[in-house]
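Colleague: I have a model open and want to learn how to read it. Can we take it one feature at a time?

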Amino acid sequence: RLPLHRIRGGLTMPRPVRVYQEDWWPFQNLPAALRRFTETTGIATELSWDKVGVGSIETMFEHMTHSFTDDDPPFDLICTDEVMLRRFAAEGRVLALNDRMARDGITLDDVTPATRDAVTLDGHIIGLPCVNVCNLVLYRRDLLEKHGQPVPQSWAQLKEVAAAVQAAERGAGIADFHGFASRGAAGGGHSVWTIGSFLASHGGRWIQPDGTVTADTPEAEAALSCYVDLLRSVGPPDQPTISFVELLRDYTAGRVAMIMDVGMEYAALFRRNPGLAARSGIALVPAGPAGRFANLYSPPWSIPANSNVRDEAWELAKYLTSPTQLAEDGLLSEAIETSHLSVLYSPAFDGHFRPDLLAAVRATRAIAFEERPWSAKGIGACEVVGDAVCAALRGDIAVAAALDRIQSGLEELP
């Protein structure tokens, strides 16, 4: 029997599954999917788009938090930031899916080991994967060719190429031109995202699997020094305020030669701006002393333990993460960074996406894992790192002081 809710006149009807999602490119097919799900199953749904959350990640985090901490959650199915989700799950606030998966024959065999780890805590599956978002480099192919520069393969070479293109373009009269940019703003969603690829490629981790905080290490110092030096040398002066919104804005405006962000954004950019797409190329993240590592963001569809429509939300989660639905999302919403390998490597994707972008996304599957501060400490850990890294980038504190602040800040979190 479906849970009921009261409507005007005292009558009741089945309560819908309330779905929350940021209004982001790869989820533009979600309204159509929800309509078809209701037509097929008879289970009503109610979608809340978060348009404010675009460019203001903290707003999105707040809605996610209320969904898992309120006694009567505002939403029943949320594509949840996985660092936040681990914290909620450790507090018993997330519905474990193991029994339902076993009953319905749902497995995680079609995703990478890193993705399985992201949705598993103490043996409990806490969400169904849908996307795997990773860092990639987007560059102006025409400018690199014009100035005789190679596609950078290491952080050191990235700095050299960015400096050469920057000097040449400024010499040609474009004063407000910069060689490289990435997300640099403070908080839990921007600079913490960027520094992860630097840290792992230098052999560091913020938190070890056993919970030991290892932020104040030679590896972390080398990574943060590389990050600060690179962005101060060839990044725009407003780098410490840049989110993914400003990053794509500046690249589209021709203000920067290379950026590091995610494949989902690049796929959407290529669709809406084919002229710029023709002048652009895609590369893997540069290598550091320990190799290449692309920071992974893999938010799954998850269900608050306090939801009154858990069974209905589970049916919807299965529907939204089926290979058929994920393939349709990829083709209609440019959701190239899908979680399911069978979809990513499908002939349909071969025929739809630009070969170099698709090849780069596929290649990241082997080098992508979580390197925001990965633990059950929650989004507060990301804010500790993001704020300190941004302060170092602004020049408010030295690299050593930033790492000391991260070390103590992470240790103080429960």
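Colleague: Which residues is S298 in contact with, leaving aside its neighbours within four places in sequence?

Modeller: Contact means heavy atoms within 4.5 Å. On that basis S298 touches E82, A118, V131, N132 and E370. This is a predicted model: local features need pLDDT of at least 70, side-chain atom pairs count only at pLDDT 80 or more, and totals for chains, interfaces and linings use all residues. Residues are numbered from 1 along each chain as its sequence is written, and side-chain values use heavy atoms, with hydrogens and water left out.

Colleague: Is S298 buried or exposed?

Modeller: Buried means under 20% relative accessible area, exposed over 50%, partly exposed in between (1.4 Å probe, protein chains only). S298 is buried, at 1%.

Colleague: What does the side chain of S298 make a polar contact with?

Modeller: A polar contact is a pair of N or O atoms within 3.5 Å; within protein, one must be able to donate a hydrogen and the other to accept it, and residues adjacent in sequence count only if both atoms are side-chain atoms. Here the partner is the side chain of E370, at 2.9 Å.

Colleague: Next, the core. Which residues have the most contacts inside the largest nonpolar core?

Modeller: A nonpolar core is a set of buried Ala, Val, Leu, Ile, Met, Phe, Trp, Tyr and Cys residues joined through side-chain atoms within 4.5 Å. The largest has 133 residues, and W206, L224 and W301 have the most contacts inside it. Helix α18 (residues 379-394) gives the most to this core: 10 residues. Helices are DSSP runs (H or I, at least four residues), numbered from the N terminus.

Methods. Helix = DSSP H or I, 4+ residues; strand = E, 2+ residues; numbered from the N terminus.
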